[in-house]
Amino acid sequence: MNSVYLKNCLLLAGMVLLSFLVFLLSFAIILRTQTIADRQAGLEANVESVIDMHNHIVDFNPNNPADHEIINLVVSIVTLPYNRMVVANSEGVIIACSEHDADHQHCQHIGQMLPPELRYVLNQNGSFSALTTAFGLLEGVSYVYAEPIFHLRHGTHGGYVLAASSADAVMDAWGAMLSLFLLVAAAVLLLAIVLAMVVARHQAAPLLEMSSVANKFARGDFSARVADRGRIDEIGELTGAFNAMADAIEQSEDMRREFVGNVSHELKTPMTSITGFAEGILDGTIPPEKHEEYLHIVASETRRLSRLVRRMLEVSRFQSLDIRELATQIFDMTEVLRRGILGLESKITERGLDVEFHIPDDPVWVLGDEDSIMQVVYNLLDNAAKFSTPGTKIEVTLTKKSGKAYTTVKNTGDPISPDELPQLFNRFHKSDKSRSGDKDGIGLGLYIVKTIMNAHQEEVYVRSDHGVTEFMFTLTLAPKKKS
């Protein structure tokens, strides 16, 4: 029994069955008690009806044989179908019986004497109620109720009235109702078990799906997810947590593959150069007078490898930024732009470029990681300085609109074709025209920009027209000033 579905199904079915058994036992006891109480009430009602009619019949004399037919008629009228009644005169002689009819003028009870013990109890207590044979008067055990008759008009003793209902008949009535209940209960129990199976299967389905997805993960398929059925219970929370874990695993695996691919791609050329030149120096292929020249090349490639590793580590750090933490950090965007320009002042001056600032005088408070956004500004300004035509200008603009801060970096240089624009943010992408002027670049600057903006859930755009290239990125304005 290793299936959660089967365990849940059996558990639910067992709980339903136990509940029904407890309910059935309680219902049977209550039904039996109520059935007996109803019969007792019916017996008492029959007796009281006979006594009441006796008291309303003028000059009725139970000791007068001529009036016996009257009392027999009364008994036959008021006696319920499942009861029996006898009426005795003041001496205890039975003068009327519910079994009396036209074909049998005298039933077996008419003319008999009420047992002396019964008359004694009635005379002493005023009534008698018990499960008994009425001291031998009845053939079988019955529920009996009896009272003496007192003639209200004359204030005299008028006889005795006894009503009885067979215990077997009471139990038969109870059994019939109990059988009907059992039939209905069995149908409801069957329906409950079927519903329990459906509910158990419904509960186990996400777990089975999670197991299947986990097995796919083990085989290297990180794209599988558990279907979100919109549940808001614990299973729905587990599904959301599982898919969030799957997203994190897939992202981690993508980063690992990307890192391995990037390193393999970029390390191949410099490592080949370093290895080739070193072996050439060692085996004498490169003459001694050329050693210094090629050692400079080896040192240059080594520095390039160092920059590559540093950049790759930056990419990994920026990809792991948590948007929940970024959304709580507030900083002044104008200050970040000023620091970015100052950091590249020497390079900008070396290229003979001018800088035009179009930013507000007051602080512009935004949400995000200040160090990461500083890296975005630095990369965009460095890219603009690197590819600007000497003697032109770089324009930096900061505006606010609809809850966003828009930062724009514009430069003039070689035009970028429309087909190449979507590829600028790809890792290790360098256009053919830029390669000759960017000997030290490794093609990760704009990729880092895109990575940081994605981590902030913000946008970055680029457009180029007639040699004027413009990069723009957004940040969310802070709700209030930084304290």
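Two strands count as paired if DSSP finds at least two bridges between them. Helices (H or I, at least four residues) and strands (E, at least two) are DSSP runs, numbered from the N terminus. This is a predicted model, in which local features need pLDDT of at least 70, side-chain atom pairs count only at pLDDT 80 or more, and totals for chains, interfaces and linings use all residues. Residues are numbered from 1 along each chain as its sequence is written, and side-chain values use heavy atoms, with hydrogens and water left out.

Q: How many bridges join strand E10 to strand E12?
A: Strands of a sheet pair through backbone hydrogen bonds, either parallel or antiparallel. Here E10 (residues 404–412) and E12 (residues 468–476) run antiparallel. One of the residues involved is Tyr406, whose bridge partner in E12 is Thr474. The number of bridges joining E10 to E12 is nine.

Q: Which strands are the edge strands of the open sheet of five strands?
A: The pairing in this sheet is mixed, and its order is E7-E9-E10-E12-E11. An edge strand here pairs on one side only, which picks out strand E7 (354–358) and strand E11 (460–465).

Q: What angle does the direction of H10 make with that of E12?
A: Helix H10 packs on the sheet and touches E9, E10 and E12; contact means heavy atoms within 4.5 Å. Axes are lines fitted to C-alpha atoms, for helices over the stretch in contact, and angles run from 0 to 180 degrees between N-to-C directions. On that scale, the angle between H10 and E12 is about 175°.

Q: Is Asn383 buried or exposed?
A: Asn383 sits in helix H10 (residues 370–387). Leaving aside neighbours within four places in sequence, Asn383 is in contact with Leu446 and Phe471. Buried means under 20% relative accessible area, exposed over 50%, and partly exposed in between (1.4 Å probe, protein chains only). Because its relative accessibility is 16%, Asn383 counts as buried.

Q: Why does Leu180 count as exposed?
A: Leu180 belongs to helix H4 (residues 167–218). Leu180 counts as exposed because its relative accessibility is 53%.

Q: What share of the 483 residues in the chain do buried residues make up?
A: The secondary structure of this chain comes to 12 helices and 12 strands. Among contacts with a separation of 6 or more, residues 24 or more positions apart account for 65%. For buried residues, the share of the 483 is 40%.
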